[in-house]
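Subject: Two-chain model, handover and findings

Hello,

Please find the structure below. My notes on it come after.

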Amino acid sequence: MSSNTPVAIDVCNVTKRFKLSNNAGSLKTAVLDLIRKREQQTFTALNDVSFKVHKGETLGLIGANGAGKSTMLSIIAGTMYPTIGHVTHTGTISSLLELGAGFHPDLTGRENVLLYGSIMGISREDMRKKFDAIVDFSGLKDFIEQPVRFYSSGMYVRLGFAVAVQVDPEILLVDEVLAVGDADFQRKCLDKMDEFKSKGKSMLIISHDMHTIRSISDRIAYLDHGVLKGIGSPNEMAAQYGAATINGKNGDAKREWGTGEARIASAKLVDSCGKPISAVSDDQQLYFELEYDAPERIETPTFGFSITDEAGRTVFGSNTEIEGFDLPYIKGKGKLMLKVDAKVLRSGNYMMSFSLHNRNHTINYHRLENHIPIYLPTAIGFDGMCKLPVEWN
Amino acid sequence: MNLVKQLFQRRELLLILVQRNLKIRYKNSALGFLWSLLTPALMILMYACFAKILKFSDGADYLPFLVAGIVIWQFTAGCMNDSLQAIVGNTNLVKKVAFPRIILPLSTAFANGVNFLLTLIVLIVYLMLAGVFSYTNIYWLIPAVIMQLMLCIGICCICSVSNVFFRDTEHIIGIGSLAWFFLSPVFYRIPMQTSAVTSVLGLSEASQFQGIVFLNPMTGILGLYRAALMENQLPVPVGVSLWWLFASAGVCLALFIAGLIAIHKGDKSFGDVL
């Protein structure tokens with residue numbers, strides 16, 4: 001996105017603090033606070049966040065729970081105000097935040113649709129014209145005259161989404177809506193978002209589904225505890241986020257141990273030319289550069305590696321011995337190149353571990369556990385953990 | 001000015017929310033909207049029965065006087081009551097969509113207003129049947145309606161905002177509205193109220209501050225309505241200057257403006273607190 005494309009959303013040094021109180025919303029606390037002039041405890045949900053969304057661009061917002069994503073969206077939607085900083089936007093905003101949230105259970109589907117439309121600022125005239133399309137899209141033709149309290153949660157969401165997209169805003173805010181609904185409905189949503197994109201409208205999306213958000217976003221912003229950690233290409237940010245989650249989840253998952261007679265001095269993800277990189281390219285060819293350091297001569301050493309997924313399961317592991325790459329000995333410093341074709345693995349976050357041991361595994365010289373987080377970006381769809389070669393006749 | 005423009009742009013939303021408030025009130029009831037007419041009619045019947053049995057009377061027109069007072073009072077009381085939920089009860093909307101928040105208390109006030117209009121029709125029919133209806137002074141209705149509408153909008157705004165920040169509001173309103181009811185000339189007449197207040201305050205009978213009861217806006221409003229609809233009723237008691245009506249009107253205006261300020265001030269924090 002070039003810098004002279006018009007800006008749709010401009011988030012400028014936004015800081016949001018919430019007041020913390022044990023007994024919020026009581027007159028007693030308010031009066032006591034006033035008398036005591038007590039310092040209010042605050043919680044900083046967003047800390048000096050700035051970014052721009054250009055016209056026609058789709059920006060994904062990722063981060064762990066409590067990172068401030070939803071607060072950010074609320075501020076952009078105008079339902080919350082930043083403590084410091086400001087947000088400006090051009091064009092109408094429609095938000096898919098908790099779909100169907102504004103529905104009143106006692107009103108019928110039809111009444112709720114009209115209400116929702118008018119809340120979004122659509123005239124009743126326009127809403128009547130769009131009504132049939134909304135009902136068609138939601139697939140709730142038979143239930144539209146029923147009070148929505150008789151709806152299932154899925155029906156609720158479908159109707160909410162149908163209204164929100166038919167409103168046809170300039171900017172669409174989407175908060176984790178793809179988590180609900182069946183596969184068919186999700187497909188419909190994604191199609192609608194693609195259509196939206198192709199019309200040159202801007203979107204801001206929150207999702208924990210890395211695969212979806214990566215495929216639909218032009219850029220991704222990564223929030224961590226209210227701080228914008230980075231904004232950039234989807235692959236790069238997904239890798240950064242993946243690394244942070246795995247490290248965060250397993251405490252210090254990154255460990256190393258061994259006798260130390262020989263060491264793997266460094267292990268780096270590189271490209272095919274040997275240049276260090278941070279994100280795996282789309283072809284999922286993994287290249288690693290290992291540097292070893294053996295002060296003493298080590299006979300028949302074996303270098304091994306393993307790939308584990310987010311759940312900690314070993315997806316694949318191998319070593320120089322298995323692959324028939326025999327090293328008679330090592331002495332001093334040296335380098336090894338490892339190439340792994342990970343085309344068959346499905347998209348997601350993985351961890352690379354490396355080890356250096358002797359041939360019959362009795363001595364473990366050095367092991368780097370969960371040393372490099374990688375994100376595999378493949379877009380090939382299939383079920384399961386890896387793509388096996390398949391032939392139909 | 002900006003607010004008026006915004007409201008004009010979102011007038012359909014206001015209309016739909018008023019409709020919604022009215023619809024929900026009678027949703028799932030067999031008689032539906034008929035209740036708006038049936039409730040006041042039954043209420044009048046009930047008061048008539050008890051007034052007869054208990055023989056509490058203050059002149060021949062006491063029952064119509066009392067019924068008119070109660071109908072008018074209920075508009076204000078209804079607004080106070082419903083406004084508690086105007087914002088809190090629409091948390092989902094407030095948290096998800098940006099729109100002028102004043103629409104929420106405003107729709108509560110208007111929905112109650114529509115209801116009041118229907119009740120007013122029942123009241124007029126009743127006054128006709130009771131033979132005390134008079135339209136010679138019907139023009140008093142104009143200041144009466146304007147004042148009560150301003151008062152109700154003001155109250156709705158203040159109570160709805162206050163209930164967002166202090167849930168105690170609910171309890172305060174419950175007891176406060178009862179106190180206000182007794183302080184207003186609903187079941188007693190203004191002269192009685194005037195003499196009671198002057199004696200409490202130690203004012204002389206001839207004091208020019210006799211009209212001080214009109215600082216309660218409901219005193220002026222009730223006086224005006226009764227003067228507009230009923231025979232032989234004056235908006236202010238004999239010996240009190242008509243100018244005191246401006247005291248009531250002034251308080252209505254002050255509460256109206258206070259309501260607008262409350263909404264404006266509260267707006268920025270609704271999203272955080274709800």
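What follows covers the interface, the cores, the salt bridges and the backbone.

This is a predicted model, in which local features need pLDDT of at least 70 and side-chain atom pairs count only at pLDDT 80 or more, while totals for chains, interfaces and linings use all residues. Residues are numbered from 1 along each chain as its sequence is written, chains are lettered from A and ligands numbered from 1 in the order in which they are written, and side-chain values use heavy atoms, with hydrogens and water left out.

Interface

Chain B has 30 residues in contact with 30 residues of chain A (contact: heavy atoms within 4.5 Å). The area buried between the two chains is about 2,600 Å², and carbon and sulfur atoms give 59% of that; buried area is the accessible area (1.4 Å probe) that two parts lose on being put together, summed over both. B:Glu12, B:Ile16 and B:Lys96 supply 21% of what chain B buries against chain A, more than any other three residues.

Between the chains there are 6 residue pairs in polar contact, both residues at pLDDT 80 or more. A polar contact is a pair of N or O atoms within 3.5 Å; within protein, one must be able to donate a hydrogen and the other to accept it, and residues adjacent in sequence count only if both atoms are side-chain atoms. On the side of chain B that touches chain A, helices H2 (11-25), H5 (91-96) and H11 (245-273) each supply at least two residues, and H2(B) gives the most, with 9. Helices (H or I, at least four residues) and strands (E, at least two) are DSSP runs, numbered from the N terminus.

Cores

The largest nonpolar core has 128 residues, and B:Ile87, B:Leu123, B:Phe214 and B:Leu229 have the most contacts inside it. Such a core is a set of buried Ala, Val, Leu, Ile, Met, Phe, Trp, Tyr and Cys residues joined through side-chain atoms within 4.5 Å; buried means under 20% relative accessible area, exposed over 50%, partly exposed in between (1.4 Å probe, protein chains only). Helix H4 (residues 62-88) of chain B gives this core its largest share, 16 residues. Another core, of 30 residues, lies apart from it and includes A:Phe303 and A:Ile372.

Salt bridges

The count over all chains is 20 salt bridges, and between chain B and chain A it is 2. The rule is a side-chain nitrogen of Lys or Arg within 4 Å of a carboxyl oxygen of Asp or Glu.

Within chain A, A:Asp106 and A:Arg149 come to 2.9 Å. Both residues lie in loops, so the pair ties together parts that are 43 residues apart in sequence. A:Asp106 is buried at 19%, whereas A:Arg149 is partly exposed at 38%.

In chain B, B:Asp267 and B:Arg101 form a salt bridge at 3.7 Å, linking helix H11 to the loop between H5 and helix H6 (103-130), 166 residues apart. B:Arg101 is buried, at 4% relative accessibility.

Backbone

Most residues other than glycine have a negative phi. A:Gln284 has a positive phi of about 60 degrees and sits in the loop between strands E11 (263-270) and E12 (285-299) of chain A. A:Gln284 is buried, at 1% relative accessible area. A:Asn370, in strand E17 (residues 364-376) of chain A, has a positive phi near 50 degrees.

Regards
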